[in-house]
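Visitor: I have a model open and would like to go through some of its contacts. Can you take me through it?

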Amino acid sequence: MPELTVVIVAPDSEQRAMLQVLVDGTSVAQVVHTCASFPVAATDPVIRRVQSANPDVILVDIPPDGAAQALRGIELLRQEVPDPALFAVGSMSQPQVIVSAMRSGAREFIERPTTTTDLLEAFIRQTAAKRKLHREGSRGKIFTVVNAKGGSGATTIAVNLALALQAAHGNVVLVDIAPLGHASLHLNLKPLFTVADAIRNLHRLDSSLLESFTTRYNDGLQLLAGAATPQAIEPSTAEYARLFDMLAAHFRYIVVDASTRMDATTRLISNLSEAVLLVAHADVAALWSAARAQQYLQETAGRERVWLLLNRFRKITGFSETDAEAAAGVKLLWKIPNQYFAVSTAIDRGTPLLQQGHTDIARSFHGLAAHLTKNDLDVKRTAWSLFKTV
Ligand SMILES: Nc1ncnc2c1ncn2[C@@H]1O[C@H](COP(=O)(O)OP(=O)(O)OP(=O)(O)O)[C@@H](O)[C@H]1O
Ligand SMILES: [Mg+2]
């Protein structure tokens, strides 16, 4: 069942039909009503029809030759139907129209011609805002691990972070979205099903079917495995959005191994994430790549979500952590020490580092897990102390 209801206001019939198809194509939103004209007064029947449809989002198309009427319509809708979020769709080549639309109360300005991905990203920001408003605390948190540059250690970090979270909290799933998934090799598992199976069955996916597509590691961590062969047909971002919506309803923490995948899917999942860990080594090429990658991810995800994680870290004279942050343009979250022998044997044997006792590197992963969840613990502690004082 789509989460958001949408009313489209678009005088151009072709554009109206197209927007309807694109909105429904996101699978997170559904058109409940369309209007073929902009309201011209507060008493306009268009206003009444939008009010009675009671949507979450009003999508207003701004035609290139009718911007003034559209902007007046946005103002009226904002005044008379204040609850729904208002998204404007228009040309990016008229900055004055964008500014006026935003000033009149549009929350998003989406490029015309529009794509399902653009709409989906806007809808996801809207659902995230809606959830915050309702203080929906029971949904799982997503941590996405992605490489600035191939082979930087995303899989090692995702696997061990997931194990550390599982040890501390339980109910963790590791989701492997790499083009070729290596997480199962790191854990020495032989999965029967993959992310692609879950997505192929989205239409009937409930908690128990979702569980059955995961493979269980012996400490209880569940893996939704990646592809074992390159996939000819990639699922759409809308399908990924629905899958992650289900995962967040079912698991407490969701760790995503995106490895070196830097595309619309990684960006979408980054949008949904509590934190995005951008993995890089402290060298010029890796930090240069990190700067590009964070720009791409932050275009839609927002600056405060993406963090730098330095892997294979060792002190280099004349190069400080502040230099690394400046080169990558993103704040440093954590450093994982360089221990080539321990890490490569762990991968070759399929025995993760966290299973190997109290090494420096295992401690570092437990520390990372504790750091990422420290606010979750704060919430619990506050609730407990309040209880005590009553
Ligand atoms: N902290 C570390 N210290 C030493 N070596 C490491 C560390 N982390 C990873 N490595 C080495 O880097 C190599 C790549 O690790 P891993 O498979 O986790 O990378 P990846 O970023 O997931 O690669 P890909 O881009 O293929 O997805 C491994 O062979 C591993 O031995
Ligand atoms: Mg990998």
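Guide: Start with two helices: Thr237, Tyr240, Ala241 and Phe244 in H10 meet Ala264, Thr265, Leu268, Ile269 and Leu272 in H11. Contact means that C-beta atoms, placed from the backbone, lie within 7 Å; helices (H or I, at least four residues) and strands (E, at least two) are DSSP runs numbered from the N terminus. This is a predicted model, where local features need pLDDT of at least 70, side-chain atom pairs count only at pLDDT 80 or more, and totals for chains, interfaces and linings use all residues. Residues are numbered from 1 along each chain as its sequence is written, with chains lettered from A and ligands numbered from 1 in the order in which they are written.

Visitor: At what angle do the axes of H10 and H11 cross?

Guide: Roughly 35°, and the axes come within 10 Å. Axes are lines fitted to C-alpha atoms, for helices over the stretch in contact, with angles from 0 to 180 degrees between N-to-C directions.

Visitor: OK, ligand 1. Which residues come nearest?

Guide: Gly153, Thr155, Thr156, Ser259 and Ser344, of 21 around ligand 1. A residue counts as near if its C-beta atom, placed from the backbone, lies within 6 Å.

Visitor: What supplies the largest share of that shell?

Guide: H14, with four residues. Helix H6 (154–169) and strand S12 (306–313) each supply at least two.

Visitor: And the domains, where do they run?

Guide: Domain 1 covers 4–133 and domain 2 covers 141–375, with bounds from an automatic or database domain assignment. Their centres, taken over C-alpha atoms, are 35 Å apart.
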